[in-house]
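Thanks for coming. Please have the sequence and the structure open while I talk.

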Amino acid sequence: MRSNYIFTSESVSEGHPDKVADRISDVVVDAFLARDPEARVACETLVTTNRIVLAGEVRAGDDQIQEIIAGLEDKVRHAVKDIGYAQKGFHWAMADYACHLHAQSADIAQGVDSSDNKDEGAGDQGIMFGYATDETAELTSAPLQWSHNILKRLAAARHAGETALEPDAKSQVTVQYENGKPSRILKILVSHQHKDGLTPSDVEAIIKPYALEALPAGMVTDETEWLVNPTGNFVIGGPDGDAGLTGRKIIVDTYGGAAPHGGGAFSGKDPTKVDRSAAYALRYLAKNVVAAGLAKKCTLQVSYAIGVSHPLSFYVDTHGTGQVDEEKLELILPQLIGGLTPKSIRTHLGLNKPIYERTTAYGHFGRTPDAEGGFSWENTDLIEALKAEF
């Protein structure tokens with residue numbers, strides 16, 4: 001492992017076009033799960049200048065599909081309004097809305113559903129990763145966590161009416177590591193949409209105090225380089241400035257490039273899709289390994305075949321920081337969640353609930369579990385069980 005290096009991660013705001021699409025897709029997931037906990041959803045969303053388009057496959061019991069679809073438009077428009085889009089080029093009430101959701105393929109359904117002679121299978125083939133590191137209190141990568149924190153703080157100020165900022169934004173933090181730990185922030189980049197009439201210096205004066213509030217004391221120095229709206233004006237933004245699609249910010253959603261990614265997006269997918277549920281399970285396991293003091297850094301990988309209930313492989317890497325044998329962890333960790341079958345993951349983490357709209361901005365990991373079951377994969381309730389094994 002390198003001890004001294006520079007690493008950068010980025011975040012994007014809730015108003016970034018791709019994040020608008022992610023949120024709408026998860027509005028659909030929540031709408032179906034609220035009516036039928038066993039619903040199946042694979043929803044893609046496109047947003048562009050005053051246009052919202054939904055497409056994909058769904059399934060729900062008791063012939064509820066058309067009724068649920070009929071109620072989606074109001075939920076989608078409410079989400080766009082909540083983000084803050086009431087602009088000429090993208091307005092929550094004025095944008096054209098089209099829904100092209102249809103029934104799930106019977107061929108896919110027969111592979112995923114349980115029956116008398118087989119367990120429920122994975123919703124698709126693929127590989128998923130989980131990761132945790134002790135470099136932040138959230139057990140996430142520092143450059144990513146700090147990038148998220150900047151935009152969350154700016155969003156809170158915007159929603160409170162404290163600034164002349166608009167919803168679309170991106171951030172990027174470059175961190176110097178020394179002896180394997182973050183030592184200082186070298187560069188901070190924020191590009192933020194704003195109301196017409198503000199100069200670049202006006203925008204910088206708004207952003208810097210909030211960004212500093214969001215960052216750990218001592219990490220920003222007199223030598224830290226700030227780049228705020230380096231292109232100058234950023235008035236036209238959001239889906240009017242650039243089309244947005246579901247699933248295009250998977251590195252922002254996960255580990256900011258500090259760990260591998262299997263390639264599958266989360267948003268728009270019900271939890272039978274292991275792209276989502278298994279990635280959550282592996283984050284949960286990796287976080288508990290680090291929280292238990294068994295390693296300072298942990299990466300996990302799992303693989304699945306569509307229609308097959310048990311994983312094809314499971315891999316542990318503690319990056320030379322482990323206090324215990326990795327091969328033993330490979331035997332123990334899957335059994336803590338019923339062998340990592342899709343059904344056991346959903347049951348253990350309580351994933352068959354309408355808890356997904358809240359995940360779509362500022363990362364799916366490093367968040368705080370809530371009373372409704374959201375972010376259950378961030379709990380560290382396996383610590384004692386893990387310690388008992390070693």
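This is a predicted model: local features need pLDDT of at least 70, side-chain atom pairs count only at pLDDT 80 or more; totals for chains, interfaces and linings use all residues.

Let me start with charge. Side chains of opposite charge can pair when their charged atoms come close. The structure holds 27 salt bridges, and I will pick out a few.

Take Lys170 and Glu10, whose closest N and O atoms are 4.0 Å apart in a salt bridge. Lys170 belongs to strand E6 and Glu10 to strand E1, residues 5–12, so this pair ties together parts 160 residues apart in sequence. Lys170 is partly exposed, with a relative accessible area of 34%, and Glu10 is partly exposed at 28%.

Next is the salt bridge between Glu357 and Arg23, at 2.8 Å from N to O. Here distant parts of the chain are linked: Glu357 sits in the loop between H11 and helix H12 (383–388), Arg23 sits in helix H1 (residues 17–35), and they are 334 residues apart. Are these two buried or exposed? Glu357 counts as partly exposed at 23% relative accessibility, whereas Arg23, at 12%, counts as buried because the cut-off for buried is under 20%.

A further salt bridge joins Lys187 to Glu225, with 2.7 Å between the closest N and O atoms. Lys187 is in strand E7 and Glu225 in strand E8 (residues 220–228), so parts 38 residues apart in sequence are tied together. Asp18, Arg248 and Lys249 are also linked, in a network of salt bridges.

Now to Thr45, in strand E2, residues 40–48. Its relative accessibility is 2%, so Thr45 counts as buried. Which side chain does the side chain of Thr45 meet in a polar contact? That partner is Ser25, at 2.8 Å. Leaving aside residues up to four places away in sequence, Thr45 touches several others, including Ala21, Ile24, Leu54 and Leu245.

Last, the backbone. Most residues other than glycine have a negative phi. Asn179 has a positive phi, near 55°, and lies in the loop between strands E6 (165–178) and E7 (181–194). Leu340 also has a positive phi, near 60°; its loop runs between helix H10 (326–335) and helix H11 (342–349). Where do they stand on accessibility? Asn179 counts as exposed at 65% relative accessibility, while Leu340 is buried, with a relative accessible area of 0%.

That is the end of my part.

Technical notes
Residues are numbered from 1 along each chain as its sequence is written. Side-chain values use heavy atoms; hydrogens and water are left out. Helices (H or I, at least four residues) and strands (E, at least two) are DSSP runs, numbered from the N terminus. Buried means under 20% relative accessible area, exposed over 50%, partly exposed in between (1.4 Å probe, protein chains only). A polar contact is a pair of N or O atoms within 3.5 Å; within protein, one must be able to donate a hydrogen and the other to accept it, and residues adjacent in sequence count only if both atoms are side-chain atoms. Contact means heavy atoms within 4.5 Å. A salt bridge is a side-chain nitrogen of Lys or Arg within 4 Å of a carboxyl oxygen of Asp or Glu.
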